[in-house]
Amino acid sequence: MQNTRKAVGRPGFAEQDSLAVEIFLFECRRIVLSRGASVPLWEQLSVQLENLILSGKLAVGSRIPSEPALCDLFGVSKAVVRHAITSLAARGLVVKIPRKGMFVGDRPRESGFVTSNVSLFDDMLARGAKLRTQTFEFVKVLADDEEREALQLKEEACVVRAGRVFWAYGQPITHSIMSFPAEKVPGFERVPIEGKSIQGTIRELYGRRLVRAERWLSAVMPPPEVIQRMELESQDPLIWIESIGFEKDGSPLEYYRAYYNSAAARIHISVSD
């Protein structure tokens, strides 16, 4: 760790964050920032603080010194500290509470539904997330061109279309539209689904389940109605997910389209030989 520098006219680390000094100083004693490295200083600081948080050496809920105090502690500029803290906050590792300060957040929230046949609802529920849904469309309608192509339907075929916004950990995570061939799920549009897993309900009522899915992902800017329904405060890009889910006989059962907010939960992909 570099020698601390105390700016003239500004409280030092020990004066400003006396309650956090002992633990934080002890755990950060091995942090080394190199100005000669190819990796930017803010990224070096972010990675080393992340390691301390994920290892449990900086406990969840414990106070983090203020940004000026961190500048003094690590001998870096405000910009370096701000970039590092912003990066950690975006992944939930640092929580900023107005007028109270900064605190160590929980482990990164993630979902693994992209690489499985489990729905996002079921995946997040299994991870212990507190879930909330709000349905904005649930109807039986004539399939549109995209639904007909994805679900391999005839010209006059109908689908049951379910559109809803999904919150996890108190944050909006998806704005999704799920479509199912109406002939495979007769009467489904009359079934209560609020707060329930749609895939789970279809398995229970119709004995149908997904065994395989093809998914495509891209970064997009959400339209105004999506921002409004998800109650987003910014207009940052979201992940656009398009998926076709198949039954055991190879026929498509679900066409899924969603805007995914990775700031609420990262997508976890496990790769092996």
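**Salt bridges and burial in a predicted model**

Me: Why is D144 called partly exposed?
Reply: D144 has a relative accessible area of 28%. Buried means under 20%, exposed over 50% and partly exposed in between (1.4 Å probe, protein chains only), so D144 at 28% is partly exposed. This is a predicted model, in which local features need pLDDT of at least 70, side-chain atom pairs count only at pLDDT 80 or more, and totals for chains, interfaces and linings use all residues. Residues are numbered from 1 along each chain as its sequence is written, and side-chain values use heavy atoms, with hydrogens and water left out.

Me: Which residues are joined with D144 into one network?
Reply: Salt bridges with shared partners join D144 to E137, E146, E147, R161 and R257.

Me: What makes E67 and R82 a salt bridge?
Reply: The term requires a side-chain nitrogen of Lys or Arg within 4 Å of a carboxyl oxygen of Asp or Glu. The closest N and O atoms of E67 and R82 are 2.9 Å apart, so the pair qualifies.

Me: How do you know whether E67 is buried or exposed?
Reply: E67 has a relative accessible area of 15%, and is therefore buried.

Me: Why is D122 called buried?
Reply: The relative accessibility of D122 is 18%, so this residue counts as buried. R203, with 28%, is partly exposed.
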